[in-house]
Amino acid sequence: MRPNAVESLRGIQAALMQSIVPELQTAFAQDVAQVTQMLIESLVNEWDTAVENLHKDNQAIAGLLSRFGDALNPLAGRNDGAGALVKEIDAVLGDPGDGSLAVSRLTERNDRLRDVLERVLTLCEDVAGEPGLDALMQVRRDAYNNLRRVAARGWSVFDLLSFREKMAEVRANPEFA
């Protein structure tokens, strides 16, 4: 299919740079155009790597859930919530999906995995500090590290915050406008 999504987004970027940006007179308008370019670039990068990222994320979360299942076994005998979570982990890992590489299908799988992961992490917070759960707490640390890596991929909210700070400075000092 031509143009594909990435080519279309690149066309939007080119039109913005060639036709619109030269007409922008204020620092605010130029900065808004710059942020728009950044967001379009983010979309291009996400579109290009979405399948790979979702596939890797799903594998990583499934691996973490498998480790959580093992680490929860000592707790499952004395905590009904832990026992129920072990069953949920087994169920979600036992249904790997249809193998489709469609973003929508990979996202559905990711949502199911993350839903169980969220409940496991909530249980971990509830039992943190109890003796004999070192293995569980290690998997918890690894899960949070994975979530941080995924969240930090691509552009950062700090990029937009720096834009807001710059605009506040421009508004405070009209001679920069």
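Q: Hi! How many helices and strands are there in the protein chain?
A: There are 6 helices and 0 strands, where helices are DSSP runs of H or I with at least four residues, strands are E runs of at least two, and numbering starts from the N terminus. This is a predicted model, in which local features need pLDDT of at least 70, side-chain atom pairs count only at pLDDT 80 or more, and totals for chains, interfaces and linings use all residues. Residues are numbered from 1 along each chain as its sequence is written, and side-chain values use heavy atoms, leaving out hydrogens and water.

Q: Thanks! What share of the residues is buried?
A: Of the 177 residues in the protein chain, 31% are buried. Buried means under 20% relative accessible area, exposed means over 50%, and partly exposed lies in between, using a 1.4 Å probe on protein chains only.

Q: Let's look at α1. Why does its end-to-end distance agree with its 16 residues?
A: Helix α1 covers residues 5–20, and at 1.5 Å a residue it should span 22 Å; its end C-alpha atoms are 21 Å apart, so the two agree. The expected span is 1.5 Å times one less than the number of residues.

Q: Which residues of α1 are buried?
A: L9, Q13 and L16 are buried in α1. They cover an arc of only 60° around the axis, which puts them on the same side of α1; the arc is that of the directions from the helix axis to the C-beta atoms.

Q: And what do they pack against?
A: The buried residues of α1 pack against α2, residues 27–76.

Q: Why does Q13 count as buried?
A: Q13 counts as buried because its relative accessibility is 12%. Leaving aside neighbours within four places in sequence, Q13 is in contact (heavy atoms within 4.5 Å) with Q37, I40 and E41.

Q: Switching topic: how much space lies in the second largest pocket?
A: About 280 Å³. Here a pocket is an open set of points on a 1 Å grid over the protein atoms alone, where a 1.4 Å probe fits, with protein on both sides within 12 Å along at least five of seven lines; lining residues have an atom within 4 Å of a point. Points are joined across faces, edges and corners, and the volume is the space filled by probe spheres set on them.

Q: Which lining residues are closest to its centre?
A: Of the 17 residues that line the second largest pocket, N58, P96, G97, L106 and R109 are the closest to its centre.

Q: Which element gives the most to that lining?
A: α4 does, with 6 residues.
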